[in-house]
Amino acid sequence: MLSVAGHGSAAPDPVPDDPCHVFQQMGEDAGLATRTVVALLQDIQGFIWIGTLDGLFRFDGVHVTRFDEDAGLPSSYILQIEEGPDGTIWVLTHAGAARSEGQGFVAVGAGEMGDQDARQPQRIAVDASRNAYVASSRGLLRIGSDGGGTRTWTQADGLPEKGVEAVHVAVDGWVWFSSGGRVGALDPSSGNIEMLPASAGVPEHNTVQAIMSDGQGRLWVRTDDHLVRREPGTSVFVHDDEGLPPASIYGMPALARDGGILVPTDCGLFFKSDGGWKSVTQDDGLPSNAVFSVLEDHEGALWLGFGGVGLVRWPGRRQWSAWTTDQGLPDNTVWQSARDPEGRLWVGTSNGVAVWDHERRSWRVLTEEDGIAGPGVWQMAVGQDGRMWTISRMGELTRYDSRTLEPEKVPVPGVDDGRMARLTAGPDRTLWVSSYEHLFTVRLHEGQMIFEPVEFPPEVSGCTKIVSVAPDGVVWTGGVAGLARFDGVAWKHFSKKDGLRLNQLDFMVAPSGSEVWFVYPDLVGVAHLRLVDGQPQIKHFGTAQGLPSNTVYSLGLDAMGRLWAGGNAGLAVMDGDGPMRVFNRNDGLIWDDLSSHSFLAEPDGSFFVGTSQGLAHFTPSGEAVSEKAPNVVITSATLGGQERIGDEDVDVGYDERTFVVKYSGLTFRDPTAVRFRYRLVGLEEEYQETALREQRYPTLPAGSYRFDVLCRSASGIWSDRPAVFEFVVRPAWWGAWWTRVCAVLLLCIAVTGVVWLRTRKLEADRRRLEAAVDERSTELARANKELEEMSYTDALTGTRNRRYFMTVIPDEIARVMRMYDDRTEDESDRNRDLVFYIVDIDWFKKVNDEYGHKAGDRVLSEVARRINSALRQSDLLVRWGGEEFLIVCRDSEPSEGSGVARRILDAVGSEPFDLGGGGKLVRSCSVGWAAFPWFSTAPDVVSFETVIELADKALYMAKESGRDRAVGVLPLAREPRAGEPASWLARPLGELENRHVRLVRDLGPTVRASAPRT
């Protein structure tokens, strides 16, 4: 895995001031956008806990779980969140404290804590023995690990005043607190209190907001107006708050992973950088300056909570920054950047060039109106004259005065229209100006820059549009006729016959005279050619090798010699033979669409790269950045509708055999790209892969089961170990072992008795006995067959179950694939597909809640009967789970799928249901459907499991659109495009409509009846 560290000891060239950053709004869909977030915590498992003035929330990157008084909290007004060493969550609210227990919380210390002041944010701390210390208006309170065993230290024990303002447990176990504006410490082993003298340096007449200690033994104290620290081995606090605003009501500092301190204020977030305080405010992209809470998560991103505007995630704080038109660039589309001999940064854009003046700390902008040839600056390089040269996208050259920066248009001699294609500089600053037909070097001769044509053999013609000069001076060129190499003496040509996929190349970069990286125009990733004993060895890299996309626009080598490849999905670094590390907006990159030729490596290991939304800058963080395996957690497991998470030795009856499990992958970098593998051992041995975070298994047969689930992060790294949930479903009485043993014993006794009696009779009687035994054997075989049939049938509705579906679907898929494999030109293309329908009863839970489960069972059975009446005998109806049914229409045509969906809607919703006792109720259903194969010309590209996922998404779209309707999803094209469907499958169908898929919508009878007549 990639290790990012500083490189080189040379002083870096100046970097422009006041960059912008990428901030991601979190939890908008879950109602967090307008919350006031006053406390943040990431627990051991990886969940983010969010404390607001209106509830406590747990966030897994996609789903938010809310806790309030109904979950056991004393109040929804949250003040602070802490975690004990055993993972117990302690919460301080305006009305008291609580700790997590099971799926909720229990109040602790009731009646002993006194009033809680929202203006003092650090009021609870937990030690290694799981004791909680609370700063209360009555003193320093200790609550035992079990919620009992309380003790309170008061003025009688040495407190200067009655109340305690803040409390903190240090790494060594000592409990630091403040009382009356003074700081003291409690020795937990003796119970003795020691107050620091006034001469210790804690500001007088200031309320202590928070006390913190880091791993190096430094002690920090945050007061209303100041921040002081005490170094290890000293006894006096020193001020460390020059330029730091006063504390806000809620803002409690936090420690970063590197030991630095993060201070939220009403003027933005403050942290130490280069020995001083640096701030991030609304001017840098924050939604508000009122930062109330801050947290650095396990992946290195900062989470910031605000007053009234929710929560944002700041990825790449130590690595990524950017500049756009808001910071002074003439255009956001950045094509290239370069350094001139004075160390000034030049940035070429679609609307001219910008030069950073470090002395004036501003950008100097030059456009076509100032004399630049062409509206945009495509490439730039420093020539042997020490001046910056640029070339427009139309191939027009400009050079600039080193002192005044005045531009001068430069014609290319011998070229009629004066236009060339590319501009490249060699290691000796020789400029190479190139096109398909021409190749020039531009060198300094007797004070003048001279254009010298470069001769090349006929087979190289067409290979000279793009040029890359290796550090050893070897020249690599490419174009529409392949790849060429020039060592100063002879040319060597490479084409498809040497292993290239195409003869046309778009751009390249050469690490040495024996190797070159290049990209084709048909967007199939990156290629690498290496000469071994003079013979080319070519490797190709694409999404299968870890690239985020096969669309690659930019290549560059950093100071450590690593290749960076950028396209339309971010930037990937190819570091040896290990997995590629990918950076995108989820890591802090300003935009995922990279520009050609835009990579500028700096000697210290950093680099600039251009995007279509600004200039990005990457800085090695100075510490190892290692992609960790994500943690996966099972958040809910219900059997028969009862939650079983936390139960030991789960053993349920046969009537509780419906299993529903939910799980979370605790990685917050692009949660939509997270994938899961799951299996239910005892029913299935092979893992299934999905983007869904919930699985349902209705009507499981009796047996022992283990559900395993693994998680893959957006970077492609799988969990080290699965999350596991084990349970047992007991058999029904007629399937219990003792029933079967008794039946066998009775049968044996009966047979033995009959044999003993009949052996005393004549031969005719013995023949009758043999006939009787044969008859009983036949009955036993028939009984076993009936038992097998029952295991494949849903007992309530009489439809087939999921186990039967998993048994027959492989043969159905194989049959369809054979029909596609065996077709001839004379055979029809119709009625060969499988169409999957997922049907869900609308508002079914209200039937059980209002009329009882018996009425719900009647509705379920009648729905199954009505659906069956709308289907052919060859179609398969499966009870998929709860109130959901799966339909498999064999030998069908996707274009006719809408008709079946309408028949289902009408069959279910046209007539009321008889609830018994004279009661009737109208219920409709929602339908989602999709056909297999997805692509008729490539039937094996998309699996039937993926098609079922698409049908499930269509079902949810139907329900979100108002219910009593059907949504079908079909491909826009018969043939797949590159990357389909993996590149878009995890996105909502609404975003994919008319881009990747076509949606077919049909209304049910109740909706049609209420629609206005036209």
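Trainee: What makes helix 4 and helix 5 a contact, and which residues meet there?

Mentor: Contact takes heavy atoms within 4.5 Å. In this predicted model, Phe844, Val847, Asn848 and Tyr851 of helix 4 meet His853, Ala855, Gly856, Val859 and Leu860 of helix 5. Those residues divide into 6 nonpolar, 3 polar and no charged.

Trainee: How are the two helices set against each other, in angle and in distance between axes?

Mentor: Helix 4 covers residues 844-851 and helix 5 covers residues 853-869. They pack at about 145°, and their axes are 7 Å apart.

Trainee: Why is the pair of Phe59 and Trp303 called edge-to-face?

Mentor: Two steps. Ring centres must lie within 6.5 Å to pair, and here they are 6.2 Å apart.

Trainee: How many aromatic pairs does the structure hold?

Mentor: There are 43. Ring pairs also join up into a cluster whose members include Phe659, Tyr663, Phe676 and Tyr678.

Trainee: How do you know that Arg866 lies over the face of Phe913?

Mentor: The distance part of the test asks for CZ of Arg within 6 Å of the ring centre, along with a limit of 35 degrees from the ring normal. Arg866 is at 3.9 Å from the ring centre of Phe913 and lies over its face. Arg581 does likewise with Phe583, at 4.2 Å.

Trainee: Why is strand 67 said to be largely enclosed?

Mentor: Buried means under 20% relative accessible area. In strand 67 (residues 876-881), 6 of the 6 residues are buried, so the rest of the structure largely encloses this strand. For the protein chain, 53% of its 1014 residues count as buried.

Trainee: What makes strand 67 and strand 68 a pair, and which way do they run?

Mentor: At least two bridges are needed. Strand 67 and strand 68 (residues 884-892) have 5, and they run antiparallel.

Terms used
Residues are numbered from 1 along each chain as its sequence is written. This is a predicted model: local features need pLDDT of at least 70, side-chain atom pairs count only at pLDDT 80 or more; totals for chains, interfaces and linings use all residues. Side-chain values use heavy atoms; hydrogens and water are left out. Axes are lines fitted to C-alpha atoms, for helices over the stretch in contact, and angles run from 0 to 180 degrees between N-to-C directions. Helices (H or I, at least four residues) and strands (E, at least two) are DSSP runs, numbered from the N terminus. Ala, Val, Leu, Ile, Met, Phe, Trp, Tyr, Cys and Pro count as nonpolar, Asp, Glu, Lys and Arg as charged, and the others, Gly among them, as polar. Rings of Phe, Tyr and Trp (its six-membered ring) pair if their centres lie within 6.5 Å; planes under 30 degrees apart count as stacked, over 60 as edge-to-face and the rest as tilted. Buried means under 20% relative accessible area, exposed over 50%, partly exposed in between (1.4 Å probe, protein chains only).
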